[in-house]
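Here is a friendly walk through one protein model, strand by strand and helix by helix. Keep the picture open while you read.

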Amino acid sequence: MIPKTFKEVIDLGDGRTISIETGKLAKQAHGSVVVQMGDAMLLCTVVSSYKESTMDFFPLTVDYREKFAAAGRYPGGFFKREARPSDGEVLVMRIVDRVLRPLFPSDYKTETQVMIQLMSHDEEVMPDALAGLAASAAIQLSDVPFETAISEARVGRINGEFVINPSRSQLEQSDIDMIIGASEDSVMMVEGEMKEISEEEMADAIKFAHEAIKDQIAAQHRLADAFGRKPVREYPEAKSDEAIEAKVREAAYQKIYDIAKGGHSKRDRGEAFSAVKDEVLAMFSEEELEENTDLIKKYFNKTEKEAVRELTLAEGLRLDGRKTDEIRPIWTEIDYLPSVHGSAIFTRGETQALATVTLGTSREANMIDMPTHQGEETFYLHYNFPPFSTGEAYPLRGTSRREIGHGNLAQRGLKNMIPEDCPYTVRVVSEVLESNGSSSMATVCAGTMALMDAGIQMKKPVSGIAMGLISEGERYAVLSDILGDEDHLGDMDFKVTGTADGITACQMDIKVKGLPYEILVKALKQARAGRMHILDKMAETISEPKANVKAHAPKMEKVEIPQEFIGAVIGPGGKVIQEMQKETGTTIVIEEVEDVGIIEILGVNQEMIDEVKKRIKAITFKPEVGKTYEVRVVKMLDFGAVVEYTQAKGNEVLLHVSELAWERTENVSDVVNMGDIFEVKYLGMDPKTRKPKVSRKALLPKPEGYAPRPPRDNNRGDDRRRDGRDNRGRDDRSRGNRDRNDRN
């Protein structure tokens, strides 16, 4: 029986639509939809267990996968099966998770899984912008408790016009690439990169995307109504006790407030808060603790949050004693590691990042092989966040989603400032050595300085800052350079990177509903003031890129050769290029681009790089007709001499005996000998032999009275036949006599 399906269509204008369909696939899931735009199709399912988890947090898993079959491709590697998620897939998981997670009830502790799969790919559709819509639509069709429908949309700006969900080719022309996540009345998440735009332009882009998101949310409601909304499931509500809450607050609030006002370090403040918590726990009997310990700790944390927020709103002070717009002390250093190609330390308060730069050839480019995108990155950044950076010890289990996300943010902030003609593949690695607030922004600052230390000619230096917001009714405070605790206690945290001329990347999570755009713009402008302060501090250590790479760093030069010579440079079985690399200690990479060969030569010793260029020039040497070249005799023959162009070692040509001199030459050695150096004129390709032809005599004065031999007339065949000769000048009668002698 054909299942009954329900479908809603969203009109994006200019002939593009998004459809949401349910009822056909994955009906045993608690909610499932297929979202389609063009030929791109996403299947999203949501399942939430009916058994409450024993964990003390909400066990939500958001998973996004792109199937290679969706693009008619095979997975790469030995095993032809999709395996661990790529970085690109992890980044999509993060942008969906960050919007969904805050909208589940705080006391909902049931194992919940949202799975999104790309089932069909369209080259003109970027599916990551559809993942949030698919997730929310599937949840709306389930009985899972969820505060409100949301959606996500990408916004670009092409020739000054905003575009919703532009294609990948359109994005290449765009100066904005942002994904915005929002409910009907509130923007909740922003992530993207820009080409030095202003704060007002960024706010306008967010507003434009929010209007499109409202249409997508309305379509979800229509679909859920048509399908039939399910009653929200019942689940055990969190335990509460007003008497215990009042007791904890009365005992702890003022003590926490006073500690927060003291401007202590992270460690001292943590120890002081723990001491107050122990005092509060000591107020209760063993029987009360046995039954209510978790509840007491919950109310203590709530009291701590209220006290710290009130301190900032009432007195404009923060946990470490700073004012709201004050930046922590900064110190920096470059060239710290002697053996790397570039390095820098950036320390801001209790956050420290050590960045290194490594230079390589195109062979070291980061290969991207996803069903939706194939290519390579010649600039990429890796971010590592070890447990010791926060004074903790826990097992290392590979690169975390957080490390991938923060590294990607820093990379997007820096990449547009790498010059297009940079000859290197550039890898930046950030090691976070201390962390108390926004190590990703410290990575941007350390990365900029390390790049300049390495001699990469950045267009402009980039700095980054993490901002926060605390609001209560009409009162609010925008916080510059937030601490880790302020990130947790605040209503918004956003990270902004940029140059002195504009924003290059951002990542924003907004927890307060209905944040006015006026506050958003004010926060962005305060962030700009902070970025400028940080740029000034960085400039005290290094203000512009070093003119050259370090002495021990590889130098890179590129040579362009005609396509026809690529094989000659490589040699049979790679013999020529391998010998050049071995003898000069260089790395040579050849790539064919638009019918020409691009040769990258990477080496530490400039003399050896020049030697490689000299050899390549010799191999690819191509004389021009009518020009004069110096040659050396390298071989003597009866019918001429083999000569080698002195400017192209190994490039040889035959100098025929007839081109040695104007006079008749009986012996080649009468005119030239081994090792002789002289000039010849290049005459081009001989039409008879189809080989290059050079002449020595063409450069000599013609003897007085010189009479050249008359050329042979190949059209005198009748005369030749009459006197007994064939067209090759042979005597038929003589040949006949030889034949008779042979028979006898």
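In strand 9, Gly-181 is the bridge partner of Glu-152. That bridge belongs to the pairing of strand 7 (residues 150-158) with strand 9, which is antiparallel and has seven bridges. Two strands count as paired if DSSP finds at least two bridges between them. Helices (H or I, at least four residues) and strands (E, at least two) are DSSP runs, numbered from the N terminus.

Before going further, a word on the ground rules: this is a predicted model, where local features need pLDDT of at least 70 and side-chain atom pairs count only at pLDDT 80 or more, while totals for chains, interfaces and linings use all residues. Residues are numbered from 1 along each chain as its sequence is written, and side-chain values use heavy atoms, with hydrogens and water left out.

**More on strand 9**

Strand 9 also pairs with strand 10, again in the antiparallel sense over seven bridges. These two strands form a hairpin with three residues between them. Look for Ile-176, which stands opposite Met-194 in strand 10.

How many of the eight residues of strand 9 (residues 176-183) are buried? Eight of the eight are, so strand 9 is largely enclosed by the rest of the structure. Here, buried means under 20% relative accessible area, exposed means over 50%, and partly exposed is in between (1.4 Å probe, protein chains only). In a regular strand the side chains alternate between the two faces of the sheet. In strand 9, Ile-176, Met-178, Ile-180 and Ala-182 point one way, Asp-177, Ile-179, Gly-181 and Ser-183 point the other way, and all are buried.

Contact means heavy atoms within 4.5 Å. Axes are lines fitted to C-alpha atoms, for helices over the stretch in contact, and angles run from 0 to 180 degrees between N-to-C directions. Strand 1 pairs with strand 2 (residues 16-22) in the antiparallel sense over seven bridges, and Phe-6 has Thr-22 as its bridge partner in strand 2.

Another open sheet has five strands in the order 11-12-13-17-16, also with mixed pairing. Strand 11 (330-334) and strand 16 (379-384) each have a single partner strand, so one side of each is left without a neighbour in the sheet. Strand 11 runs antiparallel to strand 12 (residues 342-348), and five bridges join them. Within this pair, Trp-331 stands opposite Thr-347 in strand 12. Helix 11 (residues 517-539) lies across strand 11 and strand 12, running at about 40° to strand 11.

**A helix with a kink**

Helix 5 (residues 242-261) has 20 residues and reaches 27 Å from its first C-alpha to its last, close to the 28 Å expected at 1.5 Å a residue. The expected span is 1.5 Å times one less than the number of residues. Where is the kink in helix 5 centred? Go to Ala-252, where the kink is about 40°. The bend at a residue is the angle between axes fitted to the seven residues ending there and the seven starting there. Among the buried residues of helix 5 are Ile-244, Val-248, Ala-252 and Ile-256. The buried residues of this helix pack against helix 6 (266-282) and helix 7 (286-315).

**A few residues to look up**

Most residues other than glycine have a negative phi, and most peptide bonds are trans. Ala-26 has a positive phi of about 55° although it is not a glycine, and Glu-196 has a positive phi of about 55° too. Ala-26 sits in the loop between strand 2 and strand 3, whereas Glu-196 is in strand 10 (residues 187-197).

| Residue | Relative accessible area | Class |
|---|---|---|
| Ala-26 | 34% | partly exposed |
| Glu-196 | 22% | partly exposed |
| Ser-669 | 41% | partly exposed |
| Cys-44 | 0% | buried |
| Cys-506 | 1% | buried |
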